[in-house]
Amino acid sequence: MAVPSPLPAISNTFKPFIQTPKPTRTRTRNLTTHSSLTSQPQSLSSAKTNLLNLISDQNRGLKTQDDPKRLAEIGVAIESIALMNRDQVTTNSLLSGTWRLLWTTEKEQLFIIKNADFFGTEAGDVLQVIDVENKSLNNVITFPPDGVFFVRSGIEIASDQRVNFRFTSAVLRGKDWEFPLPPFGKGW
């Protein structure tokens, strides 16, 4: 018998995201900037491609923890994109959606991803479900075939490029069990 879950459904439409201190999603524009890694001008599209290339082999950030040079290169790439988007509003309804984590330095998420074998599995998708209108942000780490770590939080738009959040609940769920955890943390 299926028991309804109090947790929201996750859509099948995923948008990639890289967890950084500053949102980087924007409308396509023909902007150029100079990267400190090269002396050539860089378009927004090539800057994004560069960032995606830099993180592609970093196992969501696990490898970056032990590679200060790569971390610095990724930081420069993120700052390059942020500079190109400095006048963009990144906290409107376009932020709403289900986003797949590609890379992060967030230690708690990396710890869970790294230690998923403790539960006899490996981490599956790591998602962030954002609903600007309803002021919610949910972090989801899946553990195939039946597990999930789910953290619910409320959000508040602080500026055109900053969203503050505060965790409100957390649960670790397996096939036939559920373990509520105390939520802790806030940030932007």
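**Close-up 1. Thr104, a buried residue with a relative accessible area of 1%.** In this predicted model, the burial of Thr104 follows from that value, because residues under 20% relative accessible area count as buried. Thr104 belongs to the loop that links strand 4 (97-103) and helix 3 (107-114), and the side chain of Thr104 reaches the backbone nitrogen of Glu106 at 2.9 Å.

**Close-up 2. The packing of helix 1 (residues 44-55) against helix 2 (residues 68-84).** The two helices pack at an angle of about 155 degrees, and their axes lie 9 Å apart, which means that helix 1 is roughly antiparallel to helix 2, since angles over 145 degrees are counted in that class. The crossing of helix 1 and helix 2 is left-handed.

**Close-up 3. The residues that form the contact of helix 1 with helix 2.** Helix 1 contributes Leu44, Ala47, Lys48, Asn50, Leu51, Leu54 and Ile55, while helix 2 contributes Arg70, Glu73, Ile74, Ala77, Ile78, Ser80, Ile81 and Met84. Sorted by class, this contact of helix 1 with helix 2 comprises 10 nonpolar, 2 polar and 3 charged residues.

**Close-up 4. The chain in which these details are set, with 3 helices and 10 strands.** Read from the N terminus on, the elements of the chain follow the order β-β-β-α-α-β-α-β-β-β-β-β-β. Of the 188 residues in the chain, 37% are buried, and among contacts between residues at least 6 apart in sequence, 55% join residues at least 24 apart.

Terms used
Residues are numbered from 1 along each chain as its sequence is written. This is a predicted model: local features need pLDDT of at least 70, side-chain atom pairs count only at pLDDT 80 or more; totals for chains, interfaces and linings use all residues. Side-chain values use heavy atoms; hydrogens and water are left out. Axes are lines fitted to C-alpha atoms, for helices over the stretch in contact, and angles run from 0 to 180 degrees between N-to-C directions. Helices (H or I, at least four residues) and strands (E, at least two) are DSSP runs, numbered from the N terminus. Angles under 35 degrees count as roughly parallel, over 145 as roughly antiparallel, 65 to 115 as roughly perpendicular and the rest as oblique. A crossing is left-handed if the near helix is turned anticlockwise from the far one by less than a right angle, and right-handed if clockwise. Contact means heavy atoms within 4.5 Å. Ala, Val, Leu, Ile, Met, Phe, Trp, Tyr, Cys and Pro count as nonpolar, Asp, Glu, Lys and Arg as charged, and the others, Gly among them, as polar. Buried means under 20% relative accessible area, exposed over 50%, partly exposed in between (1.4 Å probe, protein chains only). A polar contact is a pair of N or O atoms within 3.5 Å; within protein, one must be able to donate a hydrogen and the other to accept it, and residues adjacent in sequence count only if both atoms are side-chain atoms.
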